[in-house]
Amino acid sequence: MNLEVSKILSNYINKKLRADEFENWVYSFENLEIELGVELYTELISLDFKDKSNRIDVQRIFENKINYSDFHKGELLQLISKVCKRELPFKESIIQLYEWMNMGYLFLSKIDALANFNEQGKSIIHSIENTMTEEQKWETLLNREPNFFSELENIKTKIESGAITITGEYDNTDYYGKQFKFKEE
């Protein structure tokens, strides 16, 4: 399944896309039947998109068909690039990186700001004020963790070189939910 289709399906399953947006995409994507095959396509367009439980049906139908390996690799590399260029707001950057770490990509926990994100007393987030400018927020982080950007760049390089491999495999755990796997040399 191509990356665009994988991304849309994953975003819908994970509630990052509203039902009406997903339905519009389903009916406007020109080659969806070719991409999915007749059986899966028919099953998808037979769903009632007004029914809130259809996300579960979409997950059941497509969960093992989504190419998480390439999709996650691309998304994570793009996010790291945006954060390193400071193209995203400070808070959004940290939250998104933290969410990826919580999905099982624990190589991100080498960065203290992410590893300690929810720990009171340790988290850099507690020293960030809403009244600060974006530059002041990043400066506060860098004063506490001067290697933040170099660590992110190092992780990016390892992903690009294959030293960190995003496998696309995952386990469903009772406590943490879906945890994606990776291999690190």
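Predicted model: local features only at pLDDT ≥ 70, side-chain atom pairs only at ≥ 80, totals over all residues.
Helix 10 has its buried residues covered by a set of elements that includes helix 6 (68–84), helix 7 (90–102), helix 8 (112–115), helix 9 (134–144) and strand 1 (164–173).

**Helix 10 and its buried side**

- Buried in helix 10 are F148, F149, L152, I155, K156 and I159. These residues take up an arc of only 120° around the axis, so they sit on the same side of helix 10.
- The length of helix 10 works out well: it runs over residues 148–161, and its 14 residues at 1.5 Å each should span 20 Å. The C-alpha atoms at its ends are 20 Å apart, in agreement with that expectation.
- Just after helix 10 comes G162, which has a positive phi of about 95°.

**Helix 4 against helix 5**

- A pair of packed helices is described by the angle between their axes and the distance between those axes.
- For helix 4 (residues 38–45) and helix 5 (residues 54–62), the angle is about 175° and the axes are 10 Å apart. Since angles over 145 degrees count as roughly antiparallel, that is how helix 4 and helix 5 are arranged relative to each other.
- On the helix 4 side, the contact involves L40, E43 and L44; on the helix 5 side, it involves V58, R60, I61 and F62.

**A closer look at L44**

- L44 belongs to helix 4, and its relative accessibility of 0% makes it buried, because the cut-off for that class is under 20%.
- Which residues does L44 contact, leaving aside its neighbours within four places in sequence? They are F22, V26, L32, L36, F49, V58 and F62.
- L44 and N54 are ten residues apart along the chain, and their C-alpha atoms are separated by 9.5 Å.

**Positive phi in two loops**

- K15 is a residue other than glycine with a positive phi, near 60°. You will find K15 in the loop between helix 1 (3–13) and helix 2 (19–28), where its relative accessible area of 66% makes it exposed.
- R86, also not a glycine, has a positive phi of about 55°. R86 is placed in the loop between helix 6 and helix 7, and with 37% relative accessibility it counts as partly exposed.

Notes: Residues numbered from 1 in each chain as written. Heavy atoms only, no water. Helix = DSSP H or I, 4+ residues; strand = E, 2+ residues; numbered from the N terminus. Expected span 1.5 Å × (residues − 1). Buried < 20%, exposed > 50% of the residue type's maximum accessible area, 1.4 Å probe, protein only. Arc of directions from axis to C-beta. Contact = heavy atoms within 4.5 Å. Axes fitted to C-alpha atoms, helices over the stretch in contact; angles between N-to-C directions. Parallel < 35°, antiparallel > 145°, perpendicular 65-115°, else oblique.
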